[in-house]
2 protein chains.
Amino acid sequence: MKVTVHVHRRPDIADPQGTTVARALRDLGYENVGKVRINRTIELDVQGTDPAVVEAEVRTMCERLLANPVMEDFEVVIG
Amino acid sequence: MKVTVHVHRRPDIADPQGTTVARALRDLGYENVGKVRINRTIELDVQGTDPAVVEAEVRTMCERLLANPVMEDFEVVIG
């Protein structure tokens, strides 16, 4: 089963990588670029037949390894 | 205008970060995890009124800075 996890920093947490990219884009002449945020998307192949069971399991993977619970939120999408 | 860019390695390019995460998940006991790929999603605020113009401009940003054309593909989504 294909599972996609979207991990993003909470809105009130600074994103230094995004800030650096925004500045680099403006330096390249893209003056109309405002805020930039860089998130990660994790695609997993997980063996399992029950989507609810797989989703619950992937949520524990996020809490234990895939996301930083102090500053990130995550969303699990089956399929 | 909000623009989202999905950047992912081409399928035939190895993803060492994904491989490492897959191994770490199996080490944690998730034996049913197969392949893992880690991609990035970039969210940009871009000033502009014409979605077609903004999309074309963001595509040039991808080619020049946001993606590595040697090993990555990208997809630009307006909104």
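This is a predicted model: local features need pLDDT of at least 70, side-chain atom pairs count only at pLDDT 80 or more; totals for chains, interfaces and linings use all residues.
Before anything else, a term: a residue is called exposed when its relative accessible area is over 50%, and buried when that area is under 20%.

Six strands form an open sheet, and their order is 3(A)-1(A)-2(A)-2(B)-1(B)-3(B), with antiparallel pairing. At the edges are strand 3 of chain A, residues 72–78, and strand 3 of chain B, also 72–78, each of which pairs on one side only. On average, neighbouring strands in this sheet are turned by 20° against each other, ignoring direction.

Now the pairings, moving from chain A to chain B. Strand 1 of chain A, residues 2–9, pairs with strand 2 of chain A, residues 33–46, through six bridges in the antiparallel sense. Within that pairing, Val7(A) has Arg40(A) as its bridge partner in strand 2 of chain A. Then we cross between the chains: strand 2 of chain A and strand 2 of chain B run antiparallel and are joined by eleven bridges. There, Arg37(A) stands opposite Glu43(B), which belongs to strand 2 of chain B. Glu43(B) also turns up in the next pairing, as the bridge partner of Thr4(B). That next pairing is strand 1 of chain B with strand 2 of chain B, antiparallel, with six bridges.

One residue of strand 2 of chain A deserves a stop, namely Val33(A). Is Val33(A) buried or exposed? Its relative accessible area is 4%, and the limit for buried is under 20%, so Val33(A) is buried. What does Val33(A) touch, apart from residues up to four places away in sequence? The contacts are Leu25(A) and Arg26(A) from its own chain, and Leu44(B), Asp45(B) and Met61(B) from chain B. By contrast, 24 Å separates the C-alpha atoms of Val33(A) and Glu72(A), which are 39 residues apart along the chain.

Next, helix 2 of chain A. This helix has 16 residues, yet its end C-alpha atoms are only 19 Å apart, short of the 22 Å that a straight helix would reach at 1.5 Å a residue. Its buried residues are Val54(A), Val58(A), Met61(A), Cys62(A) and Leu66(A). Viewed down the helix axis, these buried residues fall within an arc of 105°, so they line one face of helix 2 of chain A. What covers them? The cover includes strand 1, strand 2 and strand 3 of chain A, and from the other chain helix 1 and strand 2 of chain B. At the N-terminal end, Asp50(A) caps helix 2 of chain A, with a side-chain oxygen 2.9 Å from the backbone nitrogen of Ala52(A).

Arg59(A) is also in helix 2 of chain A. Its relative accessibility is 33%, so Arg59(A) counts as partly exposed. From Arg59(A) to Thr41(A), 18 residues away in sequence, the C-alpha distance is 14 Å.

Over to helix 1 of chain B. Helix 1 of chain B has twelve residues and spans 16 Å from first C-alpha to last, close to the 16 Å expected at 1.5 Å a residue. The residues buried here are Gly18(B), Val21(B), Ala22(B) and Leu25(B). They cover an arc of only 105° around the axis, so they sit on the same side of helix 1 of chain B. Turned away from that side are the exposed residues Pro16(B) and Asp27(B). Covering the buried residues of helix 1 of chain B are, among others, strand 2 and helix 2 of chain A and strand 2 of chain B. After the helix comes Gly29(B), with a positive phi near 110°.

Last, helix 2 of chain B, where the buried residues are Val54(B), Val58(B), Met61(B), Cys62(B) and Leu66(B). They too have an arc, of only 105° around the axis, which puts them on the same side of helix 2 of chain B. The face turned away from them carries Ala52(B), Val53(B) and Arg64(B), which are exposed. Among the elements covering the buried residues of helix 2 of chain B are helix 1 and strand 2 of chain A. The N-terminal cap of this helix is Asp50(B), whose side-chain oxygen lies 2.9 Å from the backbone nitrogen of Ala52(B).

Note on methods: Residues are numbered from 1 along each chain as its sequence is written. Chains are lettered from A and ligands numbered from 1 in the order in which they are written. Side-chain values use heavy atoms; hydrogens and water are left out. Two strands pair if DSSP finds at least two bridges between them. Helices (H or I, at least four residues) and strands (E, at least two) are DSSP runs, numbered from the N terminus. Axes are lines fitted to C-alpha atoms, for helices over the stretch in contact, and angles run from 0 to 180 degrees between N-to-C directions. The expected span of a helix is 1.5 Å times one less than its number of residues. Buried means under 20% relative accessible area, exposed over 50%, partly exposed in between (1.4 Å probe, protein chains only). The arc is that of the directions from the helix axis to the C-beta atoms. Contact means heavy atoms within 4.5 Å. A polar contact is a pair of N or O atoms within 3.5 Å; within protein, one must be able to donate a hydrogen and the other to accept it, and residues adjacent in sequence count only if both atoms are side-chain atoms.
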